[in-house]
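Here is a short briefing for someone meeting this structure for the first time. It takes up the packing of helices and then the surroundings of the ligand.

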Amino acid sequence: MKKVLLIANWKMDQSPEQSIRVARDLVKKVKKEKIKRDRQIVICPSFTEIQAVAKILLSAKIGLGAQDVFWGEYGAYTGGITAAALQSYGCQYVIVGHSERRQYLHEDNQMVNQKVKSVLKHNMTPIVCIGETFEERQAGQKEAVILKQLTEGLAGVWVHEKQTLLIAYEPVWVIGSGQAVDPDEAERTHATIKRTLLEFLPAKIVSDNVGIIYGGSVNGMNVRSFLIKPTIDGVLVGSASLTIDKFWPIIDY
Ligand code: PGA
């Protein structure tokens, strides 16, 4: 059974105390309410809270992810965090190429590509974010932009039977806006992404080991309209994942 992925991206929005508190409350709630068996929750806290949050999540089988990684294995990369370190802290997922990193830190597809390879090498699941800006969309470049991000970000990437890869389609212009895209449009875009993946990965790997999730202003009210679509394997949630009150309706959609 392929599980529906409900991934919380806490960005830089939780203080250390909030991260611990929300993680603890979530574990309590999961144990009390029992989540449906076809769902996998994943929390991506800040690097500094990864170890503490990892310990809390373990007992409730909630997955742990990082928000970024550096591609090098070791060396003079001030501030860098290796995939090996993340793996040793219990991370199973790593967000790569989020639009905020592309925008503010000028991450390009080649950097994303190196990060994806490093994450896979350490047997974690990269969550590769792709998506168009409002200007690109207005200029009719949406498809060209996301397919370039996809093909360059995954150039030379091979996914083995024991590995998994997630693509997160996140239209940049709806992130944090409170207004998600039309689920029908997300579905069509996911189908295009899937078709493109089939050009360079075997069909069995694409169906069994690759998931395509949607992100951008997902909340408890709209989550179902995305997750009923057969091409949408999960959601990546920012602001609506910061409190239990907002995140639980997404988990329990
Ligand atoms: P949002 O963020 O849910 O706040 O729109 C999603 C994301 O950036 O991953």
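The axes of helix 5 (residues 109–121) and helix 7 (residues 142–153) come within 8 Å and cross at roughly 45°. This is a predicted model, in which local features need pLDDT of at least 70 and side-chain atom pairs count only at pLDDT 80 or more, while totals for chains, interfaces and linings use all residues. Residues are numbered from 1 along each chain as its sequence is written, and side-chain values use heavy atoms, with hydrogens and water left out.

**Helix packing**

- Helix 5 and helix 7 are therefore oblique to each other (angles under 35 degrees count as roughly parallel, over 145 as roughly antiparallel, 65 to 115 as roughly perpendicular and the rest as oblique), and their crossing is right-handed.
- For helix 1 (residues 16–33) and helix 11 (residues 244–251), the axes come within 11 Å and cross at roughly 40°, which makes helix 1 oblique to helix 11.
- Helix 1 passes helix 11 in a right-handed crossing.

**The ligand and its surroundings**

- A backbone N or O atom of Ser-239 lies 2.9 Å from an oxygen atom of the ligand.
- Of the 280 Å² of accessible area that the ligand has on its own, the protein covers 98% (areas come from the Shrake-Rupley method with a 1.4 Å probe).

Key: A polar contact is a pair of N or O atoms within 3.5 Å; within protein, one must be able to donate a hydrogen and the other to accept it, and residues adjacent in sequence count only if both atoms are side-chain atoms. Axes are lines fitted to C-alpha atoms, for helices over the stretch in contact, and angles run from 0 to 180 degrees between N-to-C directions. Helices (H or I, at least four residues) and strands (E, at least two) are DSSP runs, numbered from the N terminus. A crossing is left-handed if the near helix is turned anticlockwise from the far one by less than a right angle, and right-handed if clockwise.
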